[in-house]
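Hello,

Here is the structure you asked to take over. My notes on what was found in it follow below.

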Amino acid sequence: MAALLMPRRNKGMRTRLGCLSHKSDSCSDFTAILPDKPNRALKRLSTEEATRWADSFDVLLSHKYGVAAFRAFLKTEFSEENLEFWLACEEFKKTRSTAKLVSKAHRIFEEFVDVQAPREVNIDFQTREATRKNMQEPSLTCFDQAQGKVHSLMEKDSYPRFLREMAPVTVYFMHS
């Protein structure tokens, strides 16, 4: 059984073949998100859930398979650091230990925000400097401005391309 991921407003695309089924060059990396063996969680992914990923960017980010599909797409564009930064910030916000908060904040800053960071995200100078100032006394909100900019960038830039590239992408339901 297969489901198609696409905006609901474009029902005519349901009849097109998905890029995963053809394994075209532009989409062949998406097979990496599918398990080799049947997976009960993947079986439970309904057509409606996969289709809802096209409803909004936040719906996509709230679903683990949506995040996996989006990550695979971003890898093809060499921009997965944006999603990784956003996810790191979400995880960071769950930190309860003050000692861990400071060390995690510095790790995230050095990995994603600092100029010439190994996985530097694309944010403007003012946001980078505001985040740098926040690092003087890290708090659970020290990355909020930068995270918001990255979220907005992904939502306005990468997400529409993801939908176009993935519409229609066949999301395979594994059979046991």
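A residue is called buried here if its relative accessible area is under 20%. Keep in mind that this is a predicted model. Phe57 has a relative accessibility of 1%, so Phe57 counts as buried. Phe70, at 0%, therefore counts as buried too.

There are eight aromatic pairs in the structure. One of them joins Phe57 and Phe70 edge-to-face, with 5.4 Å centre to centre and 70 degrees between the planes. This pair links distant parts of the chain, since Phe57 lies in helix α4 and Phe70 in helix α5, 13 residues apart. Phe70 also pairs edge-to-face with Phe162, at 5.3 Å centre to centre and 90 degrees between the planes. Here the partners are 92 residues apart, Phe70 in helix α5 and Phe162 in helix α9. Phe57, Phe70 and Phe162 belong to one aromatic cluster that also includes Phe73 and Tyr159.

The largest nonpolar core has 35 residues, and those touching the most other members are Phe70, Phe85, Phe143, Met154 and Phe162. Two or more residues each come from α4, α5, α6, α7 and α9. The largest share, seven residues, is from α9. Leaving aside residues up to four places away in sequence, Phe143 touches Phe85, Ala105, Ile108 and Phe109, among others.

Helix α7 has 16 residues and reaches 21 Å from its first C-alpha to its last, close to the expected 22 Å. Its buried residues include Ala105, Ile108 and Phe109. The buried residues of α7 pack against α6 and α8.

Regards

Terms used:
Residues numbered from 1 in each chain as written. Predicted model: local features only at pLDDT ≥ 70, side-chain atom pairs only at ≥ 80, totals over all residues. Heavy atoms only, no water. Core = buried A, V, L, I, M, F, W, Y, C linked by side-chain atoms within 4.5 Å. Buried < 20%, exposed > 50% of the residue type's maximum accessible area, 1.4 Å probe, protein only. Helix = DSSP H or I, 4+ residues; strand = E, 2+ residues; numbered from the N terminus. Contact = heavy atoms within 4.5 Å. Expected span 1.5 Å × (residues − 1). Phe/Tyr/Trp six-rings, centres within 6.5 Å; stacked < 30°, edge-to-face > 60°.
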